[in-house]
Amino acid sequence: MKIGFVIDDTLDSTDGVQQYVLTVGKWMSNQGHEVHYIAGQTARKDINNIHSLSKNIKVTFNKNRLSVPLSASKSAIRKVLNSENFDVLHVQVPYSPLMSGKVINNSSEHTAIIGTFHILPFSKKEILATKLLSRVVKKTNNKFMKFIAVSAPAQEFAKSAFGINSVVIPNPVKLTSVTDKRMQAKTKIIEMVYLGRLVQRKGPVQLLKAFSYMRSKLNVGNVNLTLYGEGPLKGELKNLTTYFNLEDRVNLAGFLDEKDKTHVLSKADIAVFPSIGGESFGIVLTEAMAAGAGVVLGGDNPGYRSVLEDSTTLFNPNNTEAFARCLARYVGDPKLIRTTHNNQAKLLSKFDIDIVGPQIEKLYVSEIAKLNNNTDNT
């Protein structure tokens, strides 16, 4: 098959949608399929067959930074589509009518169009904006043969906001073999790691407050916290670190290169992701589990709950005391970390790209067959 993954955003960043596209795309390529990426403004040269078809501008939506396309050239789009003659176009949803919408409208009747719905709104403002977008792209949506949702919460929102019926196939992760040396020394300092943008929605300020509460009020001190990431809250986090007198325990480590992510997460006794909402899935959770983190804890939002499932590993980031007690429970009990680690390892199989990939491939084949049957009957 010749497959075109369509994404309005850039492929230069490593956010969840980009990771989905590249993980599935690489797996499809390894199966012998020819894979192309039809993307917004992208400069990277380390991936084959990227067609960058628009200029993009950076915006904030759903408390997240992303880039959206300006109007893409129809002639450039047609040139790519006519040249490549794709069997499948796999579009990331929601999408812009200014780029992906034009790709869909100019696609061949012999191309199966599949969509993956990725988002869950953070607030009523995002719900309203998404519903307005659904009206704009309503006609274009009729050209899709099948929709995937990355989680049950995303599936529910796709139905309520877009009127889309979808099948749930989760975000995939590439599993790696990691040697677990975490519990060799029972008395060692527990290493807690946060990885993500330093923005309100991801909850790093709530994490720092809970960490301080845990040490000062719950007398749990044998632990360090490292926060990897950049963002507008970095200055506030530095000030809070000083205010709480945590300079010897908290490290604002800055940007973490993608190639170093697995190593860092594999060394974490506790990987904590206190997102306060707007998560449709939680690919960073599966990445941390796959890397071999001791235990993975997350903010109790629908997307993260769909991944972690166990309520004891979830917490309300805005309840400082409850959040701190959740952290303290694991810091003070290495055996609990080990038991939870083993339980979370069992969850991973359903997110493995070698399990998820064939499901998506099967869907492609099925929809192409339907398309060919319809063509033969006309």
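The protein chain contains 14 helices and 15 strands; helices (H or I, at least four residues) and strands (E, at least two) are DSSP runs, numbered from the N terminus. The model on the screen is predicted, so local features need pLDDT of at least 70 and side-chain atom pairs count only at pLDDT 80 or more, whereas totals for chains, interfaces and linings use all residues. Residues are numbered from 1 along each chain as its sequence is written, and side-chain values use heavy atoms, with hydrogens and water left out.

**Stop 1: the whole chain**

Select the whole protein chain. Its C-alpha atoms fill a box of roughly 75 × 40 × 35 Å along the principal axes.

Buried residues account for 53% of the 378 residues. Here, buried means under 20% relative accessible area, exposed over 50%, and partly exposed in between (1.4 Å probe, protein chains only). Contact means heavy atoms within 4.5 Å. Among contacts between residues at least 6 apart in sequence, 73% join residues at least 24 apart.

**Stop 2: the sheet of 7 strands**

Select β1, β2, β3, β6, β7, β8 and β9. These form an open sheet with parallel pairing, in the order β3-β2-β1-β6-β7-β8-β9. Two strands pair if DSSP finds at least two bridges between them. At the edges stand β3 (50-52) and β9 (167-168); each has a single partner strand, so one side of each is left without a neighbour in the sheet.

Strand β8 (residues 146-149) runs parallel to β9 and is joined to it by 2 bridges.

**Stop 3: strand β6**

Select residues 88-93, which make up strand β6. How many residues of this strand are buried? The count is 6 of the 6 residues, so β6 is largely enclosed by the rest of the structure.

In a regular strand the side chains alternate between the two faces of the sheet. In β6, V88, H90 and Q92 lie on one side and L89, V91 and V93 on the other, and all are buried.

Strand β1 (residues 2-7) is joined to β6 by 4 bridges and runs parallel to it; F5 has H90 as its bridge partner in β6. Strand β7 (residues 112-117) also pairs with β6 in the parallel sense, over 6 bridges, and A112 in β7 is the bridge partner of V88.

**Stop 4: the sheet of 6 strands**

Select β10 to β15. This open sheet has the order β12-β11-β10-β13-β14-β15, with parallel pairing. Its edge strands, β12 (250-254) and β15 (314-315), each pair on one side only.

Within this sheet, strand β10 (residues 190-195) and strand β13 (residues 270-273) pair in the parallel sense over 2 bridges. Select V193 and look for A271, which stands opposite in β13.

**Stop 5: L347**

Finally, select L347 in helix α13 (residues 334-347). Is L347 buried or exposed? L347 is buried, with a relative accessible area of 15%. Leaving aside neighbours within four places in sequence, L347 is in contact with V307, L308 and E309.

From L347, E247 is 100 residues away in sequence and 36 Å away in space, C-alpha to C-alpha.
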